[in-house]
Amino acid sequence: MPAEPALTADTGRTPAASDAAAPDPAEFRKAMAEFATGVTVVTALDGGEPVGFACQSFASVSLEPPLILFCADKRGRSWPRIRAAGRFCVNVLGEEQRDLCERFGSSRGMKFEGLEWDVSPWGAPTLPDVLLAVHAVVHDIHEAGDHEVVIGRVLQVERHDVRDGVWRRPMVFFRSRFGVGEPDAPIAPDPWGLGDRWGWG
């Protein structure tokens, strides 16, 4: 089996690589819609005020130590405040929590206005009845284009995966809609769009 081609130190690309075939932003956004994801809301307290934004780009990184990551738009309003706070909560939404996704996925309005929420022992807001709450501190940050990749060190997890003896289902975002197999479902807030941009609010 031939060895992989070497990457150049300055660009990280193979010497013969070209950007000519790279997709434009609209094409790339449409292509990435083919990858189904869960939906989270990342929250923190900054100066005693709760802030948060809806986020698809969330994943586990390491078991020892327990690390997670999420990606935040550098142009967003909430992320700089979460970064300054240093401690945050990733609230993983259940499929019935579209109202929370729409609330935190919009760049308009007050995210926490009229919403009941608690403060974790680590000083970050936790949203009501979410499927999973991951409490973490900012461990490392890496710039990546127009986003930053945030590595968080996990302090504790809280699971709420059963309600009234019934297993709950996660919220799934696929082809700009909630759920899989719902072709007539209304278009959800577009996390990469120009109107309601997840990560800006």
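The secondary structure of the protein chain comprises 3 helices and 14 strands. The model is a predicted one. Of the 201 residues in the chain, 38% are buried. Contacts between residues at least 6 apart in sequence were also examined; 63% of these join residues at least 24 apart. The accessible surface of the chain amounts to about 11,600 Å². Carbon and sulfur atoms account for 55% of that surface.

The largest nonpolar core contains 18 residues. Those with the most contacts inside this core are Val42, Phe53, Phe70, Trp79, Ile82, Phe88 and Val90. Several elements contribute to the core, with at least two residues from each. They are strands S2 (40–46), S3 (49–55), S5 (67–73), S6 (87–92), S9 (132–144) and S10 (147–159), together with helix H2 (78–85). A second core is separate and has 17 residues. Among its members are Leu100, Cys101, Ala133 and Phe178. In soluble globular proteins, nonpolar side chains tend to be buried together.

After H2 comes Gly86. The phi of Gly86 is positive, near 85°.

An open sheet is formed by 3 strands, in the order S1-S13-S14. The pairing in this sheet is antiparallel. Strands S1 (37–38) and S14 (177–178) stand at the edges. Each has a single partner strand, so one side of each lacks a neighbour in the sheet. S1 and strand S13 (residues 172–174) run antiparallel and are joined by 2 bridges. Within S13, Val172 is the bridge partner of Gly38.

The loop between S1 and S2 contains Val39. Val39 has a relative accessible area of 0% and is therefore buried, the cut-off being under 20%. In sequence, Val39 and Phe58 are 19 residues apart. In space, the C-alpha to C-alpha distance between Val39 and Phe58 is 8.2 Å.

A further loop, between strand S7 (118–119) and strand S8 (125–126), holds Ser120. Ser120 has 8% relative accessibility and so counts as buried. Leaving aside residues up to four places away in sequence, Ser120 touches Thr126 and His135.

Cysteines were examined last. A disulfide is a covalent bond between the sulfur atoms of two cysteines. A search of the whole structure finds 0 disulfides. Cys89 is buried, at a relative accessible area of 0%. Cys101 likewise counts as buried, at 0% relative accessibility. Cys101 is one of the residues of the second core.

Terms used:
Residues numbered from 1 in each chain as written. Predicted model: local features only at pLDDT ≥ 70, side-chain atom pairs only at ≥ 80, totals over all residues. Heavy atoms only, no water. Core = buried A, V, L, I, M, F, W, Y, C linked by side-chain atoms within 4.5 Å. Buried < 20%, exposed > 50% of the residue type's maximum accessible area, 1.4 Å probe, protein only. Helix = DSSP H or I, 4+ residues; strand = E, 2+ residues; numbered from the N terminus. Contact = heavy atoms within 4.5 Å. Areas by Shrake-Rupley, 256 points an atom, 1.4 Å probe, with all protein chains shown as cover. Pairing = 2+ DSSP bridges. Disulfide = S-S within 2.5 Å.
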